Amino acid sequence: MEEIDIEKVYQKKTQIEHILLRPDTYIGSTEMTTTTLWVLDKKEEGFERREIDYVPGIYKIFDEIMVNAADNFQRDKTMNKIMIEIDADTNRISIWNNGKGIPIKVHKEHNIYVAELIFGHLLTSSHYDDT
């Protein structure tokens, strides 16, 4: 009977290693997919159903950013604009809203700026207060 190399079979990864090795676990497929969807036809100024190629994981990331922008409205009722810019030539997507931004303050418990906490550390959110 052949002996199993337990260390190769059972491995532990950090959260960042796991995300980088298995991004589909978090955002869905990272493979190009062909499907039929309703899409905006700028020339006709309406929607049409057609076959498109896209990466579901990129769509999920875009959706999450949009949800975050919309969540900002829940915190700041003076926000009244969300702008989306998609530049296919540079592969750049920009999403902006005119609500209150992230505070430029040091988080007392973690002794780092709030922006670093939000964007540089996993499992960080402003949605953990269940009251």
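# Charges, contacts and surface in a predicted model

User: What is the relative accessible area of aspartate 63?

Analyst: Aspartate 63 is partly exposed. That class lies between buried (under 20% relative accessible area) and exposed (over 50%), with a 1.4 Å probe and protein chains only. The value for aspartate 63 is 28%.

User: What should I know about numbering and confidence in this model?

Analyst: The model is predicted: local features need pLDDT of at least 70 and side-chain atom pairs 80 or more, while totals for chains, interfaces and linings use all residues. Side-chain values use heavy atoms, without hydrogens or water, and residues are numbered along each chain as its sequence is written, from 1.

User: Which residue forms a salt bridge with aspartate 63?

Analyst: A salt bridge needs a side-chain nitrogen of Lys or Arg within 4 Å of a carboxyl oxygen of Asp or Glu. Here the N to O distance is 3.6 Å. The partner is lysine 60.

User: How far apart are the closest N and O atoms of arginine 50 and glutamate 48?

Analyst: The structure holds 3 salt bridges, and this pair forms one of them. Arginine 50 is partly exposed at 37%, and glutamate 48 is partly exposed at 27%. Their closest N and O atoms are 2.5 Å apart.

User: How far is aspartate 41 from the nearest side chain of opposite charge?

Analyst: Aspartate 41 lies in strand E1 (residues 33–41). It is buried yet has no salt bridge. Lys and Arg count as positive, Asp and Glu as negative, and His and the chain ends are not counted. The nearest side chain of opposite charge is arginine 50, at 5.1 Å.

User: What is the phi of asparagine 91?

Analyst: Asparagine 91 sits in the loop between strand E3 (82–87) and strand E4 (92–97). It is exposed, at 71% relative accessibility. Its phi is positive although it is not a glycine, at about 55°.

User: Where is glutamate 45, whose phi is near 55°?

Analyst: Glutamate 45 is not a glycine, yet its phi is positive. It is exposed, with a relative accessible area of 72%. Its place is the loop between E1 and strand E2 (46–54).

User: How much accessible area does the nonpolar patch with Tyr128 have?

Analyst: Patch residues have over 30% relative accessible area and no salt bridge; like charges are joined within 9 Å, nonpolar side chains (Val, Leu, Ile, Met, Phe, Trp, Tyr) within 5 Å. Tyrosine 128, in the segment after helix H5 (114–120), is exposed at 52%. Areas come from the Shrake-Rupley method with a 1.4 Å probe, and for residues only the protein chains shown count as cover. Ile16, Leu20, Leu122, Leu123 and Tyr128 together have about 580 Å².

How values were computed:
Helix = DSSP H or I, 4+ residues; strand = E, 2+ residues; numbered from the N terminus.
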